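Hi,

Here is the structure for you to look over. My notes follow below it.

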Amino acid sequence: AMDASNESRGALVVFEGLDRSGKTSQCGRLLSYLEGLGHSIELWRFPDRTTSVGKMISAYLSNESQLDDHTIHLLFSANRWEKRSMMEMKLKAGTTLIVDRYSYSGVAFSSAKGLDFEWCKAPEIGLIAPDLVLYLEIPPEKAAERGGYGGERYEQLKFQKKVAQHYKLLEDSSWKIIDASQSMEDVEKQVKETVSEHVLSCQKGKALSS
Ligand code: DGP
Ligand code: NA
Ligand code: NA
């Protein structure tokens, strides 16, 4: 009884993890892999710094502006909301989206500053739920060793340790934990296997059942 648009829906695959956990590199590698398999696929990232909200976020992250913790939290959320309808359109049209950071970053980073956990979650309610979350797990000390941080606001070991603790509280059934302290190649292999098992096989299953 599934309608045709539902059967051909793309998957929403989210990468999460601390700064320097390797998300951006792994997103790129997964994109190439899935394109090679002939999938319709796009790579997105949050914050999307190209929008006017995104430019405010970018100025905040680079310490060019100061904002109240609640205010910046809502801006990050607004930045996801402003892309929601486009996201829905793409998924419905059958495009799979690989997304570098999403609502979990929103809650983990802001609650690590001491904001109330439930308050942080509230503005994320109603955004599209991911089909799969790949959490690139790495000890904060190890991430910090990787060529150092870029100097943006949150890129400090002490804060990243707190973020890691808050991420742990967000793990749900859509999560798969990837050991990101492995070599880039081993992480890539594990990412591909996980995506093949949990996303591609489901889509094939849907197509076969029609
Ligand atoms: P990135 O462009 O992935 O390096 O992210 C920029 C920084 O912003 C990074 O330290 C993680 C943090 N961040 C990403 N999304 C959110 C969010 O929704 N809320 C907060 N407070 N921080 C976020
Ligand atoms: Na960063
Ligand atoms: Na990144």
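Start with helix H6: Ser 103, Tyr 104, Ser 105, Gly 106, Val 107, Ala 108, Phe 109, Ser 110, Ser 111 and Ala 112 are buried. Buried means under 20% relative accessible area with a 1.4 Å probe, protein chains only. Helices are DSSP runs of H or I with at least four residues, and strands are E runs of at least two, numbered from the N terminus.

This is a predicted model, with local features needing pLDDT of at least 70, side-chain atom pairs pLDDT 80 or more, and totals for chains, interfaces and linings using all residues. Residues count from 1 along each chain as written, chains are lettered from A and ligands numbered from 1 in written order, and side-chain values use heavy atoms, without hydrogens or water.

The cover over H6 includes strands S1 (12–17), S4 (132–137) and S5 (175–179). Helices H4 (69–81), H7 (117–121) and H9 (157–168) are also among it. Just after H6, Gly 114 has a positive phi of about 110°.

Now ligand 1. Of the 13 residues around it (a heavy atom within 4 Å), Asp 19, Phe 76, Arg 80, Arg 101 and Gly 106 come nearest. A ligand 1 oxygen is 2.8 Å from a side-chain N or O atom of Asp 19. For the side chain of Arg 49, that distance is 3.2 Å.

Best wishes

Technical notes: Buried means under 20% relative accessible area, exposed over 50%, partly exposed in between (1.4 Å probe, protein chains only). Contact means heavy atoms within 4.5 Å. A polar contact is a pair of N or O atoms within 3.5 Å; within protein, one must be able to donate a hydrogen and the other to accept it, and residues adjacent in sequence count only if both atoms are side-chain atoms.
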